[in-house]
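Reader: I have a structure to go through before I set anything up. Can you show it and take my questions as they come?

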Amino acid sequence: DVFGVYKTDKWYAGANIYFVGGRQGLLYEDDIVNGGFRETTVDLDSYIDINLKGGYHFNPIFSAFIRANNLTNSDYQTFTNFNAQGTQILAGVIWKFDALF
């Protein structure tokens with residue numbers, strides 16, 4: 001896991017890069033013949049995930065941000081049968097109502 005953060009009075013930015021090596025997981029399948037479930041060990045591939053974020057504070061009340069996750073658009077499983085989403089980008093604005101008090 002490697003990360004970095006840059007911050008000034010108005011700007012901020014960050015990056016997070018991490019590597020997860022190959023590992024094993026369990027897969028449960030219906031066992032129609034014997035009833036119940038059958039447990040199978042499966043190999044999960046290694047992956048690299050890169051995430052970036054940044055933003056700008058216009059004043060103490062109003063700011064804007066952008067965040068990008070899984071920039072390599074890797075198709076990986078965090079756990080058995082739990083697939084990660086592809087590249088995701090989120091942007092928005094923040095208005096702090098309590099900053100005046």
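Author: Aromatic pairs first, with the rule: rings of Phe, Tyr and Trp, the last by its six-membered ring, pair if their centres lie within 6.5 Å. Planes under 30 degrees apart count as stacked, over 60 as edge-to-face and the rest as tilted. Keep in mind that this is a predicted model.

Reader: Fine. How many aromatic pairs does that rule give?

Author: The count is seven aromatic pairs. One of them is Y47 with Y76, whose ring centres are 3.6 Å apart with planes at 5°, so this pair is stacked.

Reader: Where do Y47 and Y76 sit in the fold?

Author: Y47 is in strand 5, residues 47-57, and Y76 is in the loop between strand 6 (62-69) and strand 7 (77-79), so the pair ties together parts 29 residues apart in sequence.

Reader: Is Y47 buried or exposed? And Y76, buried or exposed?

Author: Y47 has 9% relative accessibility and counts as buried. Y76 is buried too, with a relative accessible area of 9%. The cut-off for buried is under 20%.

Reader: Which residues form the aromatic cluster?

Author: W11, Y56, F58, F62, W95 and F97 form one cluster. Two of these, Y56 and F58, also turn up among the contacts of S63.

Reader: Switching to charges. How many salt bridges are there in the whole structure?

Author: A search of the whole structure finds one. It joins the side chains of R38 and E29, at 3.4 Å from N to O.

Reader: Why would those two side chains pair at all?

Author: Side chains of opposite charge can pair when their charged atoms come close. As for cover, R38 is partly exposed at 40% relative accessible area, and E29 is partly exposed at 30%.

Reader: In what sense do strand 3 and strand 4 pair, and over how many bridges?

Author: Strand 3 (residues 23-30) and strand 4 (residues 37-44) run antiparallel to each other, over eight bridges. D30 has F37 of strand 4 as its bridge partner, while L26 stands opposite T41 in strand 4.

Reader: How many residues lie between the strands in that hairpin?

Author: Six residues lie between them, and G35 in this hairpin takes a positive phi near 80°.

Reader: Where is N70? And where is N81?

Author: N70 is in the loop between strand 6 and strand 7, and N81 is in the loop between strand 7 and strand 8 (82-83). N70 is buried, at 2% relative accessible area. N81 is exposed, at 56%.

Reader: Now the surface. Which residues form the nonpolar patch?

Author: V2, I17, F19 and I48 form it, with about 390 Å² of accessible area together. Of these, F19 lies in strand 2, residues 11-20, and is exposed at 54% relative accessible area.

Key: Residues numbered from 1 in each chain as written. Predicted model: local features only at pLDDT ≥ 70, side-chain atom pairs only at ≥ 80, totals over all residues. Heavy atoms only, no water. Pairing = 2+ DSSP bridges. Helix = DSSP H or I, 4+ residues; strand = E, 2+ residues; numbered from the N terminus. Patch = residues over 30% accessible without salt bridge, like charges linked within 9 Å, V, L, I, M, F, W, Y side chains within 5 Å. Areas by Shrake-Rupley, 256 points an atom, 1.4 Å probe, with all protein chains shown as cover. Salt bridge = Lys/Arg side-chain N within 4 Å of Asp/Glu carboxyl O. Buried < 20%, exposed > 50% of the residue type's maximum accessible area, 1.4 Å probe, protein only. Contact = heavy atoms within 4.5 Å. Lists of a residue's contacts leave out its neighbours within four places in sequence.
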